[in-house]
Amino acid sequence: MKREENKGSLVSHPMRERSAAYRYRYCFGLGVLAMGNMRAIMELQPYYERLLRQLLPDQDQYAQIITDINNDLERHLELVRQTVCDRVDQCCFLLDIYKMCLMAVWSVDYCQAIFDQYAIMFQISKRERAFICAFGEAAAKQDQTLAAEQYERYEQLGGCMPFAVMRYIYPDFLWKQTRKGFTVHTGETIYLHGKQIIDGDILVETGATLWCEEAEITMDGAIRVQGGRVHFQNCEICVENCSQKYFITMTAGSSIMLTATVLDCQSLCGAIYQQKGSLLVKDSRLCRSARVPLVHFAGEYAEFQNTGLQNGLEGLLVFEDPAKVYIHNCRFVNGTRDYGGAIYSETFGSVRIRQCQFVECHAKYLGAAVYFQNYRCEQTISGCEVISDQNVQEAFFQNYKEGRQ
């Protein structure tokens, strides 16, 4: 094994959002290698301590790990086996272990034995083990070509590894794919990450999942969901051309989720049209729709938090019955429509809008910011601000005559 330089700070760990108990057992498992042998301690302790500062901010837990390793090793190893049971988490754990193995010089034999023990404990296949070792070595060598080749081979054999895990092990890793449109079949999950150039539509069937994470997507086409779910996390999406009125159309399905994602429709289409299921948009930005509203929702429940929506020539949000909607701390910019420049609602469900800002949103007739077609007590607006260079009258409008009981 080749020694890896122990310099610099760690990239955010993929397990940092897990529960405290989970992170403790995960760190305990790593500590068996880093702190279970005197030679290993001399070589790996500085790196292990930096990792602990990310996952275990409580300093007392570090001392507890050492005590548990010395006094009750077998019981805690069994807890590690029971806790780190997800296959992807197990591979991430072994990548962590292998990364430390590559730092060893004096404790190579001990580190290799611990790695082998965990691989057996997790029942890791030969294919998975080969990928972990090959990708770990490519990361240590900073070899982009080799890392890409190893991941592509692993993926072709049916393997799956979230991009966040690979970027954690190899922070400079780049992954680029050019592909035609495709279908995500029933019972299947397809992961997209890295740089993706897609020519054609993506169809998501019943019971299928399209999962995009840490991805930069350029797309000439649209996503049509006919019974599945779509999840974007930490993505940048640019629509180069669109075959549909909306980039994402869900006619039947369970959910659409966008977290920390930017979706630019480039005035070619709307962003989302959803007839069924739930919609969650958080810490994201959606912009530049044309001919149709930016988001048109007629499912059961929609939630927007800490999100920016801007430049909708036919409005930014439109809600239909039976939608229930919660909007908090969002910013609406340059929305225009006949009624409801930013938000137009004709649902009888509850709509709650909190601490939002409406900037240069205008309606030809009523409701420059928000227009409620049907009055209900559950439709409330609080703590919102309207900013405009023009004189805006009745920025928030509820139609009391129609639908009032």
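**A buried serine, a strand, a helix and a pocket**

S255 is tucked away in this predicted model: its relative accessible area is 12%, so it counts as buried (buried means under 20% relative accessible area, exposed over 50% and partly exposed in between, with a 1.4 Å probe and protein chains only). Residues are numbered from 1 along each chain as its sequence is written. Because the model is predicted, local features need pLDDT of at least 70 and side-chain atom pairs count only at pLDDT 80 or more, while totals for chains, interfaces and linings use all residues; side-chain values use heavy atoms, with hydrogens and water left out.

S255 sits in strand β8 (residues 255-259); helices (H or I, at least four residues) and strands (E, at least two) are DSSP runs, numbered from the N terminus. Leaving aside residues up to four places away in sequence, S255 touches G228, R229, V230, M250 and S278 (contact means heavy atoms within 4.5 Å).

M250 turns up again as the bridge partner, in β7, of V225. Strands β4 and β7 (residues 246-252) run parallel and are joined by four bridges; two strands pair if DSSP finds at least two bridges between them. Strand β4 also pairs with β2 (residues 189-205), in the parallel sense and over four bridges, and here R224 of β4 is the bridge partner of L203. In a regular strand, side chains alternate between the two faces of the sheet.

Next comes a helix. In α4 (residues 73-83), the buried residues are H76, L77, L79, V80 and T83. Seen down the axis of α4, these buried residues fall within an arc of 155°, so they line one face of the helix; the arc is that of the directions from the helix axis to the C-beta atoms. Their cover includes α1 (20-35), α3 (59-71) and α6 (108-121).

Finally, the largest pocket holds about 690 Å³ of space. On a 1 Å grid over the protein atoms alone, a pocket is an open set of points where a 1.4 Å probe fits, with protein on both sides within 12 Å along at least five of seven lines, and lining residues have an atom within 4 Å of a point. Of the 23 lining residues, P14, P162, A164, E213 and Q233 are the closest to the centre of the pocket. Helix α9 gives the largest share of the lining, four residues.

Technical notes
Points joined across faces, edges and corners; volume = space filled by probe spheres on them.
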